[in-house]
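Me: I am new to this structure. Could you take me through it in short steps?

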Amino acid sequence: MQHSMKKILTFILLLTQSTVFAQNGNNTGTVKIVVQTVFDNEPLKLETKKYVNAHGDSLYIDEFRFYISGIKFSGSGAAASEKESYHLIDAGEASTQTIYMKNIPAGNYTQLNFMIGVDSTANTNGANGGDLDPVKGMYWAWNTGYIMAKLQGRSSVCKTLHHAFEFHIGGYLPPFNAARNVNLETGVLTVEAGKESVVYLKADAAEWFKDPETIDLSKMNEVNMPGKDAMKIADNYKDMFSVTRLE
Amino acid sequence: MKRIVYFFVCVFGGFLLAASFGFCPVPGDVDFVIPKGWPQPHYDFSKNKLTEAGFKLGRRLFFDPGLSRDSSTSCASCHTQFSGFTHVDHSLSHGINGLKGKRNSLTLFNLAWGTSFMWDGGVNNLEVQPLNPIENPVEMDNKLENIVAKLNQSTVYKSLFYAAFDDSLVTGQHVLKALAQFTVMLESYNSKYDKYMRHEAGGEMTRAELHGLKLFRKNCASCHTEPLFTNNGYENNGLPVDTELNDFGRIKITRLAADSLKFKVPSLRNIANSYPYMHDGRFGNLKKVLEHYTSGIVNSPTLAKQLRRKIMLSEEDKNDLIAFLQSLSDKDFLFDMRFRNYAD
């Protein structure tokens, strides 16, 4: 008797729980954002592959990392964002190139907005965790602030030690705020209840070197503090993203 | 029925016991005080709740030379308690391998009221200040990620981090938050001057000290503003540039010509204990400091406007001013047992 009672109780418990899950699933889905790093149209290969930039300098890329923050999807009548939205993407680490946004209300979205870099709150509120933890090596100690994006490599035109170039772009205080907003038309991204939709993005390192300012690596090869040069490069890379496909 | 009574006694009794030991901070240990008449602190305690475990962990880290690359140098190496947590008698801070830095180490107290840190104000939050000495090649020459990796190898530290942050995985964020829990507790508000202001026993000022206070309020207080004895600003106080160090101060951070030769206005609390003085420690005693302010000011476009007119002090005035400055030493703070090196 007691045994069957337990069974019934367990059954009721499972039933109520599954209803709760189903209710959640009823109106929200997951969006997976996959960021593919490229140089022009080729998948980016660090350290060993030679590329040519807009100025005509050949170069190797050793490190390519950047923050994406404040991700928002919007469309006619629908909008979705996440709390504490800070993601560090590292071309050298595949696991960082996928972002899951859960509990996105079902609907059709056509716009994707985010920031390259991090907002002034994150830059001023002390020791942060997760992708913002200073152990990630994207932080300036002596002049507080995040390195919003980093591109490092080598080019024979650089008259520096090991022909290295180093672009550490950051700064949150005006007039040298290097954060850049990105607005992308996604086409129609349909989010269905309990299902996963995928947005494939391309982040093109070649954009760092051109439009509006063509970078001559023999002249500009080291930027590692907030200022005019950081602003120039941020203006260059602010259009490095594009949507390649949806799934 | 009996069983039910036992059940409630155990549950609630256990809860009360846990509350008395675990949840309530031990009085005195992590009791942050806002002294009467002081402004509200700038530090955001809501993002780093002070606990006994967090404070003790921060203290342990502060005294641990293992934070430096070769395990030779701790925070306390250049910030000793009896001098107001600075490096007494050293003009420039020393680091590993006996290397010398470019600047005199600052005192550490009343940091909750600080709005920016370092001589040039490059650091905007107390929690991220330790990254500077940790990573400076002439100080601790380490990386936060190395410290985190090392602490994660230590079962002792892992349990202390668990006690402080409910997470035994050591992160950079928690190392910095723990250090801040210790440094923010370094409060100094019980000098003779404070007792005088509060009309308390021990606050009986001499005639010379009172005359010094008057002179201080007339000539110094616009920058070294009571009760913190700093206005948290940056000023050029007319020191001739050391042509070997070539340190132009805050301009390095802001890149504004108007900030050339400006340095932090340091608090003057515990000043008699924290010699030498100035950003490069060029003056070994207070007499030399007063010589500078009365007859050594070098004019330049960014010179503080208060120093553009000459400060006139007789020899007696100078002695009285120094007597007053000595009344800013706070023995309760300088010898507070909570701030000693305990390995617990």
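Me: In which sense do β11(A) and strand β14 (residues 222-223) of chain A pair?
Reply: This is a predicted model. In it, β11(A) and β14(A) are joined by 2 bridges. The sense of the pairing is parallel.

Me: Is β11(A) mostly covered or mostly open?
Reply: A residue counts as buried under 20% relative accessible area. In β11(A), 5 of the 7 residues are buried. That makes the strand mostly covered.

Me: How many bridges join β10(A) to strand β11 (residues 164-170) of chain A?
Reply: These two strands run antiparallel. A:Gly153 stands opposite A:Phe165 in β11(A). A:Lys150 has A:His168 as its bridge partner in β11(A). The number of bridges is 7.

Me: Which residue stands opposite A:Lys150 in β10(A)?
Reply: Look at strand β4 (residues 58-75) of chain A. It is joined to β10(A) by 6 bridges, and the two run antiparallel. The residue opposite A:Lys150 is A:Arg65.

Me: How many residues does the hairpin from β9(A) to β10(A) pass through?
Reply: Strand β9 (residues 139-140) of chain A runs antiparallel to β10(A), with 2 bridges between them. A:Tyr139 has A:Tyr146 as its bridge partner in β10(A). The hairpin that joins the strands goes through 4 residues.

Me: How many of the 10 residues of strand β10 (residues 145-154) of chain A are buried?
Reply: β10(A) has bridges to β4(A), to β9(A) and to β11(A). The strand is mostly covered. Its buried residues number 9.

Me: What share of the 247 residues of chain A count as buried?
Reply: Chain A holds 3 helices and 15 strands. It exposes about 12200 Å², with 53% supplied by carbon and sulfur atoms. The buried share of its residues is 47%.

Me: How many helices does chain B have?
Reply: Chain B has 2 strands. Its C-alpha trace spans about 85 × 50 × 30 Å along the principal axes. Of its 344 residues, 51% count as buried. The number of helices is 13.

Me: What share of the accessible surface of chain B belongs to carbon and sulfur atoms?
Reply: The surface of chain B comes to about 16700 Å². Carbon and sulfur atoms account for 59%.

Me: Among contacts in chain B between residues at least 6 apart in sequence, what share join residues at least 24 apart?
Reply: A contact here needs heavy atoms within 4.5 Å. In chain A, the corresponding share is 72%. In chain B, the share is 68%.

Me: How far does helix α7 (residues 172-183) of chain B reach from its first C-alpha to its last?
Reply: The helix has 12 residues. At 1.5 Å a residue, 16 Å is expected. The reach in the model is close to that, at 17 Å.

Me: Is A:Cys158 buried or exposed?
Reply: Buried means under 20% relative accessible area. A:Cys158 has 0%, so it is buried.

Methods
Residues are numbered from 1 along each chain as its sequence is written. Chains are lettered from A and ligands numbered from 1 in the order in which they are written. This is a predicted model: local features need pLDDT of at least 70, side-chain atom pairs count only at pLDDT 80 or more; totals for chains, interfaces and linings use all residues. Side-chain values use heavy atoms; hydrogens and water are left out. The expected span of a helix is 1.5 Å times one less than its number of residues. Buried means under 20% relative accessible area, exposed over 50%, partly exposed in between (1.4 Å probe, protein chains only). Two strands pair if DSSP finds at least two bridges between them. Accessible areas come from the Shrake-Rupley method with a 1.4 Å probe; for residues, only the protein chains shown count as cover.
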